[in-house]
Amino acid sequence: MKLFVASDIHGSAYYCNLMLEAFKKEKADRILLLGDILYHGPRNDLPKDYDPKKVIEMLNEISDSIYCVRGNCDTEVDQMVLKFPLLSDYCFFESGDKFIYATHGHNYNTANLPPMHKGDILLHGHTHIPVCEKCGDIIYCNPGSVSIPKEDSPHSYMIIENGNFEWKNLIDGETYKTL
């Protein structure tokens, strides 16, 4: 399975549209959203073309292709308007020979690891900074942010396929990091 991983849309219709165009171009089987879908939160500026209702409409059109975990800006009210499950705090799956624990990152992160084995991968968004690094006995991966990247990182997403991870620039689709 080819999985498209993105995080932190924060209600930006502009970047959500670019993300969905990239998803189609990548011909991925599913999209995994790592939370913070509709709202920008109190610590972030409004992203370009902030329009949560438009984001709802765009994502609901492909709801059968979306897996999602809950971010710290996502609420039960959001679930009332989205046609895909949003309220799970985590999910886990295998890709190749790797076990992946996916969450938003505000609860479980490198400072508070979930139960994991040596070599497992912790995948989360939340920081808006793309990362691929060893953290003790595990690997920590973060796709960065679709709409509000931080620390001069690009608007970005990840592709996971057959145990391979690629970080890509949302604007041009170019790969800039692999695992």
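First, the ground rules. This is a predicted model, where local features need pLDDT of at least 70, side-chain atom pairs count only at pLDDT 80 or more, and totals for chains, interfaces and linings use all residues. Residues are numbered from 1 along each chain as its sequence is written, and side-chain values use heavy atoms, with hydrogens and water left out.

Start with α1, residues 13-26. Helices here are DSSP runs of H or I with at least four residues, strands are runs of E with at least two, and both are numbered from the N terminus. α1 has 14 residues and spans 20 Å from its first C-alpha to its last. That is close to the 20 Å expected at 1.5 Å a residue; the expected span is 1.5 Å times one less than the number of residues.

Which residues of α1 are buried? Among them are Ala13, Tyr15, Leu18, Phe23 and Glu26. Buried means under 20% relative accessible area, exposed means over 50%, and partly exposed is in between, with a 1.4 Å probe and protein chains only. The buried residues of α1 pack against β1, β2, α2, β9 and β10. Contact there means heavy atoms within 4.5 Å. After α1 comes Lys27, with a positive phi near 55 degrees.

Now stay with Glu26. The structure holds five salt bridges. The criterion is a side-chain nitrogen of Lys or Arg within 4 Å of a carboxyl oxygen of Asp or Glu. Glu26 meets Lys2 in one of them, at 3.4 Å, N to O. Glu26 sits in helix α1 and Lys2 in strand β1, so this pair ties together parts 24 residues apart in sequence. Glu26 also forms a salt bridge with Lys168, with the closest N and O atoms 2.9 Å apart. That pair links helix α1 to strand β10 (residues 164-169), 142 residues apart. Both Glu26 and Lys2 are buried, and Lys168 is buried as well. Together, Lys2, Glu26 and Lys168 are linked in a network of salt bridges.

Another salt bridge joins Lys98 and Asp97, with the closest N and O atoms 3.7 Å apart. Asp97 is exposed, at 70% relative accessible area.

Next, histidines. Most residues other than glycine have a negative phi. His10 has a positive phi of about 50 degrees. His10 lies in the loop between β1 and α1 and is buried, at 0%. His128 also has a positive phi, about 70 degrees. His128 is in the loop between β6 (121-124) and β7 (131-135), and it counts as buried at 2%.

What does the side chain of His104 reach at 2.5 Å? The backbone oxygen of Leu34. A polar contact of 3.1 Å also joins the side chains of His104 and His126. Polar contacts are pairs of N or O atoms within 3.5 Å; within protein, one must be able to donate a hydrogen and the other to accept it, and residues adjacent in sequence count only if both atoms are side-chain atoms. His104 is in the loop between β5 (98-103) and β6, buried at 0% relative accessibility.

Last, the surface. Val77, Met80 and Val81 make a nonpolar patch of about 310 Å². Patch residues have over 30% relative accessible area and no salt bridge; like charges are joined within 9 Å, and nonpolar side chains (Val, Leu, Ile, Met, Phe, Trp, Tyr) within 5 Å. Areas come from the Shrake-Rupley method with a 1.4 Å probe; for residues, only the protein chains shown count as cover. Met80 is in helix α3, residues 76-81, and counts as exposed at 70%.
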